[in-house]
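Please read the following report alongside the sequence and the coordinates.

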Amino acid sequence: MTMTGDRKSFMKRALTLAQRGGGYVNPNPQVGAVVVSDDGIIGEGYHRKFGGPHAEVEALKDAGESARGATLYVTLEPCVHYGKTPPCTERIIESELSRVEVAIEDPNPKVAGKGVKRLREEGVDVSVGLMEDEARQVNEIYLHYVRKNRPFVLLKLAMTLDGKLATRTGDSRWITSEPARKLVHELRARYSAVGVGVNTVLSDDPRLTVRKAEGPDGARVIFDSKGRTPLDSKILSLSSSATTIVATADGISRERVEKYEERGGEVWQIAGRGNHVDLESLLDRMGSKGYDSLLVEGGGEIAWSLFDRDLVDKVRFFYAPKVIGGRDSVPAVGGEGRAEVRDGVVIDNLSMEKIGDDVSLVGYPLNE
């Protein structure tokens, strides 16, 4: 293909390509690349799946011999080490590109500036920083995971305008519109794990699978300190290649553990204060097993527990144009809450968009 434009338009195209790998490359980064000559874009590629060819290799293969003397736009610093694939830096050098534009450096200690250094040593003109903010947002999961070695936590809640998850009778089907529910399935396909509190399992019996979008099922995590998840719940009964993790404290019997395991579940006993699941330790364990991201879909109790421990990295709240009222209705965020307004969790970089009939707010908690 041939496409003309300016530097930003080329990097924007690379960023668009990068996002196609979401859900398939975890815990690796989403990377896109385009090769540009005087005629415009002559090659493009992206990292399609974990263990597969990297974006730079795909783009250079697409460009062929025409890559000689051209410019490569890539959303993340090319790797310089051997992993599941050879170093991208060597493929770039062999292609005799004249210039490489990198959006952001890779914080992975195996790369961390070494890729840029290697290219410059071989006479390749390299610049870093084009559309840096946009590139960081595309790879916010990867950047967080490399830095903390625990999953990036997105808290998603769907509520009425008056902040209710369900009526006083427990009815919650359906608060939001079909377009909003479809977007949630797209998020499930992007995140390597999807979690809910046990109260949500008891009230809604969710499957937590991807059905309204393309992409793989993530692992399913149930926050269930006392082992109350029914053995016949859909989350345990469904046949899926995805793992189901029942995160409990120490108080459940060995017999109960064995029954969950017979249903195909993994029981992680991680006790914390008050005989509840130690959420920090749970996230650390998930990180050690390669889970780079966790989408938490409620309910209100687990939402507050995560907020209270500064473990929410991003929020996406869906508001439906409905008011159900009721002092006994289920609030979007439960728990004990803060004693004073000034101590409330502050959400930064808040943005809003219309999704069907609903409104979606996205932001980032200012964690201490």
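The report below begins with the basis of the model and then turns to its local features.

This is a predicted model, in which local features need pLDDT of at least 70 and side-chain atom pairs count only at pLDDT 80 or more, whereas totals for chains, interfaces and linings use all residues. Residues are numbered from 1 along each chain as its sequence is written, and side-chain values use heavy atoms, with hydrogens and water left out.

**Confidence**

The chain has a mean pLDDT of 91, and 96% of its residues reach 70 or more; pLDDT is the predictor's confidence in each residue, on a scale from 0 to 100. Among the elements of the chain, the lowest mean pLDDT, 86, belongs to helix 9 (residues 234–237), and the highest, 97, to strand 12. Helices (H or I, at least four residues) and strands (E, at least two) are DSSP runs, numbered from the N terminus. Where pLDDT is low, the predicted coordinates should not be read in detail.

Strand 6 is largely enclosed by the rest of the structure, because nine of its nine residues are buried; buried means under 20% relative accessible area, exposed means over 50%, and partly exposed lies in between (1.4 Å probe, protein chains only). In a regular strand the side chains alternate between the two faces of the sheet. Here Phe-152, Leu-154, Lys-156, Ala-158 and Thr-160 point one way from strand 6, while Val-153, Leu-155, Leu-157 and Met-159 point the other way, and all are buried.

Strand 6 runs parallel to strand 12, to which four bridges join it, and Leu-155 stands opposite Val-296 of strand 12. Strand 6 also runs parallel to strand 13 (residues 314–320), with seven bridges between them, and there Leu-157 has Phe-317 as its bridge partner. Two strands are taken to pair if DSSP finds at least two bridges between them.

**Salt bridges**

The structure holds 23 salt bridges, a salt bridge being a side-chain nitrogen of Lys or Arg within 4 Å of a carboxyl oxygen of Asp or Glu.

| Pair | Closest N to O |
|---|---|
| Lys-156 and Glu-297 | 3.8 Å |
| Glu-255 and Lys-259 | 3.6 Å |

Lys-156 counts as buried at 11% relative accessibility, and Glu-297 is buried with a relative accessible area of 12%.

Arg-48 lies in the loop between strand 2 (40–46) and helix 2 (55–63), and its partner Glu-58, ten residues apart from it, lies in helix 2. Arg-48 counts as partly exposed, at 45% relative accessibility.

Glu-255 and Lys-259 both lie in helix 10 (residues 254–262), four residues apart, which is about one turn of the helix. Glu-255 counts as exposed at 51% relative accessibility, whereas Lys-259, at 33%, counts as partly exposed. Elsewhere, a network of salt bridges links Arg-7, Arg-99, Glu-101 and Asp-125.

**Ser-192**

Ser-192 is placed in the loop between helix 7 (178–190) and strand 8 (193–197), and at 14% relative accessibility it counts as buried. Not counting residues up to four places away in sequence, Ser-192 touches Asn-26, Gly-218, Ala-219, Tyr-291, Asp-292 and Ser-293, where contact means heavy atoms within 4.5 Å.
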